[in-house]
Amino acid sequence: MEPAGIPEPLVRVVGLTMAFGGELVQRDLDFEIRRDEVFAIVGASGCGKSTLLRHLIGLQEPAAGRVLYGEHDLHRADEETLASLRRRFGVMFQAGALWSSMTVGENIMLPLRLFTAQPLALRERLARWKLALVGLEGAFDLEPAELSGGMRKRAAIARALALDPELLYLDEPSSGLDPFSAARLDGLILNLRRNLGTTVVMVSHSMDSVFAVADRVLYLDHVEKTMTALGAPRVLAETGPERVRAFLHRRSQP
Ligand SMILES: Nc1ncnc2c1ncn2[C@@H]1O[C@H](COP(=O)(O)OP(=O)(O)OP(=O)(O)O)[C@@H](O)[C@H]1O
Ligand SMILES: [Mg+2]
């Protein structure tokens, strides 16, 4: 039995090694994602952050190690289990693209159409609600091209939220945004956690964002090719290994 007050983690990563062909990306990753936390993944460009996200959502096979959702090994699960596990998380990829041939509303409704048997009227109501959650209540009938960069990111988050995931994976949600829009996105992430209880795993190169929203930060070192720090951003900025401290102190430029 679990001791009281220590909830079962949502995801456990055990001895994960990631490679492309013979090319090692990261090795021996061991960490847990806790329920209700905002968990940031940081490190130099090319260190393997997006690759790690792809492993966490089952799009890429580990060279070694496991990704566990409760009892289930994501990469060994049968089709049915995999489908039900995938329903539990929403994803916003680094490119974050919306389908340009559909309106914003149709983009948000797409996962509902693909994965539920809900009638159109209900799908539309839910999509409008998700858009309202991210502050885009007026955008339902717009084309993606009519949105600003920040609005497009928020619409992509609304789409990732379509199926009410307990876990949201975001790859660089604030990249390319002005500081005001980036701060607004930080506020949105905190609201999702507070109001919906969504656990958020976020790749970010914005240290402003990491310090504003992350409970814990995982540092993937590009030289050692493994994780060299995991902890609260403020603690690591003071007491982490030297490269981690330097990285965390490098606040982003607008
Ligand atoms: N499809 C692929 N085939 C081969 N190598 C790849 C592929 N995708 C990524 N890589 C390599 O894997 C390493 C990690 O890439 P990844 O995209 O995960 O980095 P990242 O930390 O997300 O970088 P960034 O901050 O620039 O987004 C890089 O060396 C990259 O060149
Ligand atoms: Mg990336």
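## The nonpolar core

In this predicted model, the largest nonpolar core holds 66 residues, and A40, Y169, V201 and Y219 touch the most other members. Such a core is a set of buried Ala, Val, Leu, Ile, Met, Phe, Trp, Tyr and Cys residues joined through C-beta atoms within 7 Å. Buried here means that 20 or more other C-beta atoms lie within 10 Å of a residue's own, exposed means 12 or fewer, and partly exposed is in between, with C-beta atoms placed from the backbone. In soluble globular proteins, nonpolar side chains tend to be buried together.

Where does A40 make its contacts, leaving aside neighbours within four places in sequence? Its partners are M202, S204, V210, A214 and V217, a contact being two C-beta atoms, placed from the backbone, within 7 Å.

## Helix 6

Helix 6 covers residues 179-196; helices (H or I, at least four residues) and strands (E, at least two) are DSSP runs, numbered from the N terminus. Its 18 residues should span 26 Å at 1.5 Å a residue, and the end C-alpha atoms are 25 Å apart, which agrees. The expected span is 1.5 Å times one less than the number of residues.

A182, L185, D186 and I189 are buried in helix 6. They lie on the same side of the helix because they cover an arc of only 105° around the axis, taken from the directions from the helix axis to the C-beta atoms. On the other side, F180, R194 and N195 are exposed. The buried residues pack against strand 3 (38-42), helix 5 (149-160), strand 8 (199-203) and helix 7 (207-213). After helix 6 comes G197, with a positive phi near 70°.

## Two loop residues with positive phi

D36 sits in the loop between strand 2 (23-33) and strand 3. Although not a glycine, D36 has a positive phi near 70°. D36 counts as partly exposed because it has 14 C-beta neighbours inside 10 Å.

K225 belongs to the loop between strand 9 (216-221) and strand 10 (226-231), and its phi, near 55°, is positive in a residue other than glycine. With 18 C-beta neighbours inside 10 Å, K225 also counts as partly exposed.

## Around ligand 1

The shell around ligand 1 includes F20, V25, K49, Q94 and H205, where near means a C-beta atom, placed from the backbone, within 6 Å. Helix 1 (residues 49-56) gives the most to this shell, with three residues.

## Numbering and confidence

Residues are numbered from 1 along each chain as its sequence is written, while chains are lettered from A and ligands numbered from 1 in the order in which they are written. As this is a predicted model, local features need pLDDT of at least 70 and side-chain atom pairs count only at pLDDT 80 or more, while totals for chains, interfaces and linings use all residues.
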